[in-house]
Amino acid sequence: MKRILSVALLSLLLCFSAHAQKSGKKPAAAKPKTTQTSKKKTAAKPQPVDKKTQLRNEKTATEQKRKQAAQQAAQLNRSIRTTLDSVLILDNRIGRQQRSIDSLNTDITVLAREVRVLGNRLDSLKRELSDRKSNYSRAVVYLQRHKTVQQKMLFVFSAPTLDKALRRSRYVREYSAFQQRQGDIVKQKQAQVRTTQQKLVDAKAEMEQKRSTMEQHRQAMQSEKVSQQKKVDFLNKNLADVQRQIKEYQQREAALDAQIERIIQAEIAEAKRKAEEERKRKAEAERKRKEEARRKAEAERKRALEAERRAKTAAEKSAAKEQVKAAERAVANAKKEAEQPTEWQSNDADTKLSKNFAANKGRLPMPITGSYSVVGHYGQYRVNGLSNVTLDNKGIDIRGQQGAQARAVFDGTVSSIFQYGGQYIVMLRHGNYISVYSGLQSVSVRKGANVTTRQSLGAVGKDDSGNIVLHFQLRNLSTRLNPEQWVR
């Protein structure tokens, strides 16, 4: 019995010990498992972002991209415009270099011909000098043999007759003079040889100098051609942008030109109106003058008739009749003068100024101060190396330096000042001629003011590419003129 109780008690103790151990291990194992699970859940599910913040960030990024693209496009446009201007400047320089080379080549050809002529002349002079020296030497030898006066006298007096003696005397004198002339001719030929030799040396030196200068121009032109080709290659790579820029520029210029044309037409119409008013005023004044002349003549005729009626003697009647006839002639002349049209000859200041302006064609000063380069020529033309690119200019574009001023090319009157595209345009009247100065950032004259040649009109501003550029036009009323043919 005791044994059974001991076994039962031992079993209970074992069961209780096992249960206690099982209960103590579960909390220790579960705690770290729960921590790892929470960490995984936190990493897998981040906090959600606000929708407004997300849209704002996307808008900011888009705006930054747009600004960056706009900056890149503006930079490309500036590069294209600057490169195109540089190409035009280089093209102008290359043209001048080529013209200079052609001129030097012509000069060298002329000098080479002159060198050949001088060489031939020198050879001929040397031969003539040699012949003269030979003749002179023989004459000198002869004179040495017959140099005494006695021999000459014997030669003269040994003549058989007096006539032959006189001939021999004249021969001696003439031969002596001939020998003297031969000596002088030899000296002249020697001087001519020396002069011709010096001319030949100078011509050869000048020819070599021109050849050296021409070679320098040729090398400079070749270098500029290489630089121009690089720029042309860049423009050809961006040909679409180049064409777009040129189209936009031409559209702006067309709009500006249309506005200038409207102003010019308005000025022409105003000038015609004033001229018509002046013509009518003069015609009315002339009509009144003639009417007054007729009235006075008629009054004089009536007085003469009255004097004739009252005259008593024959002499008085004859004098009165003469007065009547004179009055009638005066009336007839007044009527005839009134019937004849009056021819007006214009002697106004505009006509005189127009004639003076036209007389200075090719001698007008450039309309900009300081150093300059013509980057845009008049009319339609193509740029060398650029395909499908045609430029059309109603005037010329002149690039200047910082601080450049626009200046009047001739005496005139400021007919108009207006703004276009943020810049000023000044128009001057020189009689029938009109000069237009576009691209000014400030103006130093006022409308209606009289200006003189080379007077400053205002400061030249910058174009879209940041360059100092003056656009200059010249017209004879509505007819456009090529400014490059008028300025020097």
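Q: Is Arg 475 buried or exposed, going by its relative accessibility?
A: This is a predicted model. Buried means under 20% relative accessible area. Arg 475 has 0% relative accessibility, so Arg 475 counts as buried.

Q: Where in the chain is Arg 475 found?
A: Look for strand β11, residues 469–476. Arg 475 is part of that strand.

Q: Which side chains make polar contacts with the side chain of Arg 475?
A: A polar contact is a pair of N or O atoms within 3.5 Å. Asp 257 makes one with Arg 475, at 2.5 Å. Gln 473 makes another, at 3.2 Å.

Q: Which residues does Arg 475 touch, not counting those up to four places away in sequence?
A: Contact means heavy atoms within 4.5 Å. Arg 475 touches several residues, among them Asp 257, Glu 261, Tyr 433 and Arg 480.

Q: How many aromatic pairs does the structure hold?
A: Five. In one of them, Tyr 433 and Trp 486 sit 5.6 Å apart, centre to centre. Their planes are 55° apart, and the pair is tilted. Tyr 433 is in strand β8, while Trp 486 is in the segment after β12. They are 53 residues apart. Tyr 433 counts as buried at 10% relative accessibility. Trp 486 is buried too, at 6%.

Q: Which parts of the chain does the pair of Tyr 437 and Phe 472 tie together?
A: Tyr 437 lies in strand β8 and Phe 472 in strand β11, so the pair ties together parts 35 residues apart in sequence. This pair is tilted, with 5.3 Å between centres and 50° between planes. Both residues are buried.

Technical notes. Residues are numbered from 1 along each chain as its sequence is written. This is a predicted model: local features need pLDDT of at least 70, side-chain atom pairs count only at pLDDT 80 or more; totals for chains, interfaces and linings use all residues. Side-chain values use heavy atoms; hydrogens and water are left out. Helices (H or I, at least four residues) and strands (E, at least two) are DSSP runs, numbered from the N terminus. Buried means under 20% relative accessible area, exposed over 50%, partly exposed in between (1.4 Å probe, protein chains only). A polar contact is a pair of N or O atoms within 3.5 Å; within protein, one must be able to donate a hydrogen and the other to accept it, and residues adjacent in sequence count only if both atoms are side-chain atoms. Rings of Phe, Tyr and Trp (its six-membered ring) pair if their centres lie within 6.5 Å; planes under 30 degrees apart count as stacked, over 60 as edge-to-face and the rest as tilted.
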